[in-house]
Amino acid sequence: MAPCRNFSFDTNARDLDSVDRLLQGVRQNLLAGSLDAPCRTCPDKPRASIAELASSLAQSGYDDRNIMLDDVRDVISADTVTPPAELTYRVAHTRDASEFRVSGLITTFDFVPLIEKYDQAGERRILDWGCGSGRLSLPLAQRHPEWQLSGCDIDREAVEWCQQNIPGDFRVIEPVPPTSFDRHQFTTVIAYSVMTHLSREMQEEWMRELHGLLVDDGVVILTTMGEAAARRHGLDRGLRARGILDERLDATLDEIAPVGYYRSTFQSRQYTERAWRKYFDVLEYIDAGAFHYQDIVVLRKRSRPRGLWRRFWRN
């Protein structure tokens, strides 16, 4: 656990009091213009001046306490329903109930501000595409009951758990589109670590389907494994050369997905923006924005796809 991807420390992430003190110290140093050693040599350029940062922290209430850590404490201590360990492992690679709940909560910290920023519909209708056993849907339903929530996944057992435990419309889908949802039903589609498991051809199929599921000007917020993730696995040179690496198979869903379907896919920002602009405008691209690992991509629906793809259009 660290305040950013270039900052590491030895504090046990489960010792939230120690983490709280460390983050307060980092924040105070930033606001005072007295940077810690890792920050002084950071390869990432700041996105705001110190004055802008101070103003933003004051407006959000983060200037004197770590509100997000308060939420994490609540999630850990709460007697909240959690999927069986085997279901949590399939989506979060953990069988620990607290880790599963916290991972979902932290993902909402990344996704909810983007939903609120870009989905200006008076009645938000959200589809959690690839919902699994509700890692993201569960905290969204608890924290935003005013949103109309739906979810879908190829994992029947996981979807059945969601149907029994999370308010909303959860459906089993096939590995290839279409889904049973109505055309133009949703204002936003979210997908955490779904494209990261699809081949380039299957990404193309699902992008076309998501376009059809969205209202005009609808939004898609999803993640990819980009250059930061590739660097962790020693794949950054190959990714820069090829743009997308989608040959590696992932055995996590061997008993659920068709043979050869579930991948471990890395793709560069350049590839992603070029390929997905057939159907969507790219509104925002956040490198390593999710857990300092996966990139977050925010898209808005085009009224019609570009170029030769029009002839294959299915609405």
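Predicted model: local features only at pLDDT ≥ 70, side-chain atom pairs only at ≥ 80, totals over all residues.
Residues are numbered from 1 along each chain as its sequence is written, and side-chain values use heavy atoms, with hydrogens and water left out.

Let me start with the rings. Rings of Phe, Tyr and Trp (its six-membered ring) pair if their centres lie within 6.5 Å, and planes under 30 degrees apart count as stacked, over 60 as edge-to-face and the rest as tilted. By this rule the count comes to 4 aromatic pairs. One of them joins F111 and Y192, which are edge-to-face, at 6.5 Å centre to centre with 65 degrees between the planes. Because F111 lies in helix α6 (residues 97-118) and Y192 in the loop between β4 and α9, this pair ties together parts that are 81 residues apart in sequence; helices (H or I, at least four residues) and strands (E, at least two) are DSSP runs, numbered from the N terminus. Both F111 and Y192 are buried, where buried means under 20% relative accessible area, exposed over 50% and partly exposed in between, with a 1.4 Å probe and protein chains only. F111 and Y192 also form one aromatic cluster with F291.

A further pair is W129 and W206, whose ring centres are 5.3 Å apart with the planes at 45 degrees, so the pair is tilted. W129 sits in strand β1 (residues 125-129) and W206 in helix α9, 77 residues apart, so that distant parts of the chain are linked. W129 and W206 are both buried.

That brings us to α9 itself. Of its 14 residues, 11 are buried, so α9 is largely enclosed by the rest of the structure; among them are M202, W206, L210 and L213.

Leaving aside residues up to four places away in sequence, H197 touches D250, Y261, Y262, R263 and T265, where contact means heavy atoms within 4.5 Å.

Finally, R95 lies over the face of Y89, at 4.1 Å from the ring centre; a charge sits over a ring if NZ of Lys or CZ of Arg is within 6 Å of the ring centre and within 35 degrees of the ring normal.
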